[in-house]
Amino acid sequence: MLQFVSAMKAADPSVKIGAVLTTPGYWPDGMVGPGDTMDWNHTVLSIAGSKIDFAIVHAYPTSTSPADLLTKPQAQNASITPRLRLPGDNGITNSWNASVSQSGRSVNAGNVSYNAAVPQGGSVQWGFKATWSSSDANPSAFRFNGASCAIG
């Protein structure tokens, strides 16, 4: 898959590559395939997370009745975990609207109880403050799963 992504980006640098994920907390979330050590979402993101530009979160129904599926649509929520790399020796000192963890230059942000899921068409904003001690550098760009982000 990564060779395919690299070939597509080489042919057209503006092409956007996506991955299909399952809705966290709903079937088949948490299921581990034969030969895998993690569930689908974690396997896909660990292999391709730095190469994709977006993810599509699918909700797979557990009903087997076509009539049930057509008459009982259910709204699903999605949860997103942004990841970024800080320049220099910057360290996160404070954050809001997210649970933030840092390991070296890598930062992960996850939902908190009051914004545990993002409804269809909804949005969540989060932020952080950082400090540095000896090696500060201006970031050259901000990216979310490989896609450029505006600085706000």
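**View 1. An open sheet of three strands in the predicted model.** Three strands, arranged in the order S3-S6-S5, form an open sheet with antiparallel pairing, as seen in this predicted model. Strand S3 (83–85) and strand S5 (99–103) stand at the edges and have a single partner strand each, so one side of each is left without a neighbour in the sheet. From one strand to the next, the twist averages 20°.

**View 2. The pairing of S3 with S6.** Strand S6, which comprises residues 106–110, pairs with S3 in the antiparallel sense, and the pairing runs over three bridges. Within this part of the sheet, Leu84 stands opposite Val107, a residue of S6.

View 3. Ile92 belongs to strand S4, which spans residues 91–96. Its relative accessibility is 22%, and Ile92 therefore counts as partly exposed, given that buried means under 20%. When its neighbours within four places in sequence are left aside, Ile92 is in contact with Leu86, Val100, Gln102, Val107, Phe128, Lys129 and Ala130. One of these residues, Val107, is 15 residues from Ile92 in sequence, and the C-alpha atoms of the two are 8.4 Å apart in space.

**View 4. The largest nonpolar core.** Eight residues make up the largest nonpolar core, namely Val5, Val15, Ile17, Ala19, Leu21, Val44, Ala48 and Ile52. At least two residues of this core are supplied by strand S1 (18–22), and at least two by helix H2 (40–48). In soluble globular proteins, nonpolar side chains tend to be buried together.

**View 5. The buried residue Asp53 and its polar contact.** Asp53 is found in the loop that lies between H2 and strand S2 (54–58). Because its relative accessibility is 7%, Asp53 counts as buried. The side chain of Asp53 is joined to that of Lys9 by a polar contact of 2.7 Å.

**View 6. The protein chain as a setting for the close-ups.** The protein chain contains three helices and nine strands, which follow one another along the sequence in the pattern α-β-α-β-α-β-β-β-β-β-β-β. Of its 152 residues, 22% count as buried, while the accessible surface of the protein chain comes to about 10500 Å², with 56% of that surface belonging to carbon and sulfur atoms. Among contacts between residues at least 6 apart in sequence, 64% join residues that are at least 24 apart.

Technical notes: Residues are numbered from 1 along each chain as its sequence is written. This is a predicted model: local features need pLDDT of at least 70, side-chain atom pairs count only at pLDDT 80 or more; totals for chains, interfaces and linings use all residues. Side-chain values use heavy atoms; hydrogens and water are left out. Two strands pair if DSSP finds at least two bridges between them. Helices (H or I, at least four residues) and strands (E, at least two) are DSSP runs, numbered from the N terminus. Axes are lines fitted to C-alpha atoms, for helices over the stretch in contact, and angles run from 0 to 180 degrees between N-to-C directions. A nonpolar core is a set of buried Ala, Val, Leu, Ile, Met, Phe, Trp, Tyr and Cys residues joined through side-chain atoms within 4.5 Å. Buried means under 20% relative accessible area, exposed over 50%, partly exposed in between (1.4 Å probe, protein chains only). Contact means heavy atoms within 4.5 Å. Accessible areas come from the Shrake-Rupley method with a 1.4 Å probe; for residues, only the protein chains shown count as cover. A polar contact is a pair of N or O atoms within 3.5 Å; within protein, one must be able to donate a hydrogen and the other to accept it, and residues adjacent in sequence count only if both atoms are side-chain atoms.
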